[in-house]
Amino acid sequence: MSDSVTSGYSGLNLPFSPEAEQSVLGAVLLDASCMERVVEILPKPEYFYLTSNQRIYSVMLQMFTEGRPIDFVTVLESLKQSGDFDEADGKTYLLQLAQLVPSISNVESYAKIVRDKYDVRTLITTARDIIEEASAGEADATSLLDSAEQRIFDIRRGKNMQGLQKIDEIILSEFDRLDHLNSPDADKYRGVPTGIKELDDTITGLNRSDFILLGARPGMGKTSFALNIARYAAVKAQKRVAFFSLEMSKEQLISRLLSTEAMVEGTKLRTGKLSEDEWIRLIEAGDILSKTQMYFDDNPSVTVPEIKAKLRRLKDVDLVIIDYLQLMNSPTRIENRVQEISQITRNLKIMAKELNVPVMTLSQLARDSEKRTNHRPVLSDLRDSGSIEQDADIVLFLYRSDYYQDSEIPSENEDRNQSEVIVAKNRHGETKTIPLHWQGEYMRFTAQEVIRREG
């Protein structure tokens with residue numbers, strides 16, 4: 001039978017099961033091998049509600065970690081060494097624990113009851129904290145909602161954590177995935193396509209849980225490249241795409257998308273001087289884009305927790321794009337910018353894994369490439385932190401030779417629109433350089449075979 005007691009949280013009744021807590025501890029005292037099964041379910045003493053049970057389990061955990069034998073005598077001696085242990089009452093209590101266990105073989109069931117009560121208590125206290133924050137009136141509704149969602153999500157994430165999984169189960173899961181890839185619904189299980197075949201063949205598309213970094217110098221076209229990918233994923237592959245822009249407004253982004261989709265020069269969209277044919281193409285482009293599942297957020301101060309909360313509300317997102325890393329800040333104050341960027345990239349990688357979605361983040365490169373004779377970017381050009389390279393599953397660099405040209409008149413054989421996407425890091429395969437063609441008037445990158453075909 002489960003009991004509940006009134007806590008210090010404004011009269012809240014917090015549920016717990018003294019029988020389950022005592023049965024777990026008693027089972028370990030009778031058979032130390034039980035600890036191996038229990039510790040995966042109850043990795044911290046805090047899962048026990050009663051202070052005396054927390055203290056005993058903390059000692060057991062320490063002894064288990066150090067490889068010391070666990071039984072009535074050894075636990076009693078370890079408890080004696082702690083300053084706040086009543087030897088007479090403690091000895092009696094330990095004896096009672098060993099006598100109260102219904103069945104050692106059911107220890108995992110007892111541990112799961114203890115864990116379940118802890119999760120309910122956590123939910124209750126979290127709800128109380130949310131109410132107190134909302135009642136204080138110090139934060140706006142959006143911040144309160146994001147904070148509340150994050151806290152509830154953290155409880156669920158902790159409850160769903162899995163332990164070690166036997167290889168045969170993982171192999172069966174992998175075979176299922178391969179089977180799906182050869183089924184009529186294969187597109188649902190492949191990585192999100194970028195629209196550039198050679199790039200997709202190299203990185204196998206933008207895969208779920210991948211953290212992809214797209215780096216370039218300012219003005220190289222990284223936002224346009226990211227928009228090209230977002231457009232292809234949404235229009236051609238019919239994927240749901242979330243685009244977070246910390247630099248450009250939603251209206252500017254849509255203007256670029258319309259220019260690319262309608263093949264109307266961007267300058268004409270700014271001046272409004274359009275021919276009748278261009279108006280028709282723009283209306284058609286607007287109709288195509290409006291039917292897609294593309295979502296935009298241009299909050300210049302958005303943080304990783306806010307992004308995560310918004311994505312959870314949107315649900316079933318296939319691709320996330322963030323423009324760009326160096327404009328992001330941590331929700332907690334960190335004086336050292338290198339450490340702050342490290343925390344942000346680590347949290348982005350965790351977010352990609354937790355939400356099981358590819359996260360592409362744009363990044364500015366340091367000026368070092370401009371000081372070299374060969375201006376092509378390398379991994380060491382990543383700004384602010386080495387953790388960017390470490391956390392990323394895939395690192396892509398954009399390079400246009402015309403960016404560094406001093407002469408305004410190109411030589412006879414020079415292609416001023418030639419560009420490259422450099423796969424500098426690839427956990428899924430090789431690294432290589434893929435030639436592209438840049439159409440600046442339409443803010444469009446294409447594979448060179450597309451240009452040859454259109455020509």
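**Helix α11.** I checked the length of helix α11 (residues 250–262) in this predicted model. Its 13 residues should span 18 Å at 1.5 Å a residue, and the end C-alpha atoms are 18 Å apart, which agrees. The expected span is 1.5 Å times one less than the number of residues. Helices here are DSSP runs of H or I with at least four residues, strands are runs of E with at least two, and both are numbered from the N terminus.

I then listed the buried residues of α11: Leu253, Leu257, Ser259, Thr260, Glu261 and Ala262. Buried means under 20% relative accessible area, with a 1.4 Å probe and protein chains only. Their cover includes α10 (222–235), α12 (266–271) and α13 (276–290), along with strands β4, β5 and β11. Contact is taken as heavy atoms within 4.5 Å. Just after α11, I found Met263 with a positive phi of about 55°.

**Ground rules.** I number residues from 1 along each chain as its sequence is written, and side-chain values use heavy atoms, without hydrogens and water. The model being predicted, local features need pLDDT of at least 70 and side-chain atom pairs count only at pLDDT 80 or more, while totals for chains, interfaces and linings use all residues.

**Sheet.** I traced an open sheet of nine strands with mixed pairing, in the order β5-β4-β6-β7-β3-β8-β9-β10-β11. Two strands pair if DSSP finds at least two bridges between them. The edges are β5 (293–297) and β11 (444–447), each of which pairs on one side only. Neighbouring strands are turned by 25° against each other on average, direction ignored.

Strand β4 (residues 240–245) runs parallel to β5, joined by five bridges. One that I looked up has Arg240 partnered with Gln293 in β5. Helix α14 (residues 304–314) packs on the sheet and touches β4, β5 and β6 (319–323); its direction makes about 155° with that of β4. Axes are lines fitted to C-alpha atoms, for helices over the stretch in contact, and angles run from 0 to 180 degrees between N-to-C directions.

**Rings.** I found six aromatic pairs (ring centres within 6.5 Å, using the six-membered ring of Trp; planes under 30 degrees apart are stacked, over 60 edge-to-face, the rest tilted). Tyr47 and Tyr118 have ring centres 4.3 Å apart and planes at 65°, so they are edge-to-face. Tyr47 lies in the loop between α2 (34–41) and α3 (51–66) and Tyr118 in helix α6 (residues 107–136), so the pair ties together parts 71 residues apart in sequence. Both Tyr47 and Tyr118 are buried. I also noted one aromatic cluster of Phe225, Trp438 and Phe445.

Conventions: Buried < 20%, exposed > 50% of the residue type's maximum accessible area, 1.4 Å probe, protein only.
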